[in-house]
Amino acid sequence: MSTVTHPAASAPNTAAAAKTNKKPKVGLTTHLLAGGAAGLAEAMCCHPLDTIKVRMQLTNMRRAPSAASSATMPKSFLGVGQRIVQREGILALYKGLGAVVTGIVPKMAIRFSSFEQYKSWLANPETGLVSTSSVFLAGLGAGVTEAVTVVTPMDVIKIRLQAQRHSTVDPMDVPKYRNAIHTAYTIIKEEGPMTLYKGIALTALRQATNQAVNFTFYQEFKRMASKFQNIDELPSYQHLILGGVSGAMGPLSNAPIDTIKTRIQKATSIAGESGWTRFVTVTRDIAQKEGYAAFYRGITPRILRVAPGQAITFMVYEKVKGWIDVWNARSANVRLPSEKYA
């Protein structure tokens, strides 16, 4: 791993920050507002692709009920999306959005604030710099933290809603799960509260690898771009591009984990079945009945979902965070390195 270092998150006070060219410490409120705005924008723009991905991962091509249905079953992400719209209505692409939006603000707040906290703990105590390997470890920690606190129950609810093949335009077609709150209530009532944490180990592993790769590549790209252009703050369109490129790295590194996790979370709990037994059974069934390529089913819509999602997230996060930093600096009569005054 490279030993390139990055500036730590903060300095003890504004005077020290001016001397060391560091920004004042960013508080949890800033991460909450910036991360929440970024997550909401990302969810609204990219959720349809996530629904298509989930449907593709839940499709077992080798167990189609008939040759005719197998022949008409679309295999491309565009075909699956078109089929959903034709059979269930355009709003079906947004099934599970309520669960995502409900959890997106705490998820993003936890992701960015925990990453910055872990990064500050791993910083060199004398120079305040953070190595690339420490950024990677901070990303791992942030991914596990968000998986345990928010992502796992949110994913279980979202996948149950997305897996329902009912029409959103026919009022007589009443699904089992009506919305995020009703889904959570039904799951807890019928299967127990721990069902909301089904697949937590795989979710933590997926989120940890995602955020480790994502933050490491993004911060490296950001550092190189700033150095090449000799500027302190990159323009928004560059945050968009760098976030998109770094966001595509995670799905490529953990696609099988995501597919297994989705199958486990969609299935109804079986009394007495351990998490490890469930994992082994699902993995074996996919490999034996569908082939190893099935582990990468849905990778195209996932990349198309995650890459632009991360692009939007980082761009909006950096922009909102910058606005808050400028506001706080002006309130304290401190000029930021990147701020321009008329």
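Residues are numbered from 1 along each chain as its sequence is written, and side-chain values use heavy atoms, with hydrogens and water left out. In this predicted model, local features need pLDDT of at least 70 and side-chain atom pairs count only at pLDDT 80 or more, while totals for chains, interfaces and linings use all residues.

Helices (H or I, at least four residues) and strands (E, at least two) are DSSP runs, numbered from the N terminus. Helix H4 covers residues 77-88, which number twelve. From its first C-alpha to its last, H4 reaches 16 Å, close to the 16 Å expected at 1.5 Å a residue; the expected span is 1.5 Å times one less than the number of residues. Gly-79, Val-80, Gly-81, Ile-84 and Glu-88 of H4 are buried, where buried means under 20% relative accessible area, exposed over 50% and partly exposed in between (1.4 Å probe, protein chains only). After H4 comes Gly-89, with a positive phi near 100°.

Helix H7 (residues 180-191) also has twelve residues, and its reach of 16 Å between first and last C-alpha is close to the expected 16 Å. At its start, a side-chain oxygen of Asn-179 comes to within 3.2 Å of the backbone nitrogen of Ile-181. The buried residues of H7 are Ala-180, His-182, Thr-183, Ala-184, Thr-186, Ile-187 and Glu-191. An α-helix has 3.6 residues a turn, so residues three or four places apart point the same way. The buried residues of H7 pack against helix H5 (97-121) and helix H6 (132-162), with contact meaning heavy atoms within 4.5 Å. Just after H7, Gly-192 takes a positive phi of about 100°.

The structure holds ten aromatic pairs. Rings of Phe, Tyr and Trp (its six-membered ring) pair if their centres lie within 6.5 Å; planes under 30 degrees apart count as stacked, over 60 as edge-to-face and the rest as tilted. Phe-112 and Phe-314 form an edge-to-face pair, with 6.1 Å between centres and 90° between planes. Phe-112 lies in helix H5 and Phe-314 in helix H11 (residues 299-331), so this pair ties together parts that are 202 residues apart in sequence. Both Phe-112 and Phe-314 are buried.

Phe-314 also forms an edge-to-face pair with Phe-215, at 6.0 Å centre to centre and 85° between the planes. This pair links helix H8 (residues 200-229), which holds Phe-215, to helix H11, with the two residues 99 apart. Phe-215 is buried too. Ring pairs link Phe-112, Phe-115, Phe-215, Tyr-218, Phe-314 and Tyr-317 into a cluster.

How values were computed
A polar contact is a pair of N or O atoms within 3.5 Å; within protein, one must be able to donate a hydrogen and the other to accept it, and residues adjacent in sequence count only if both atoms are side-chain atoms.
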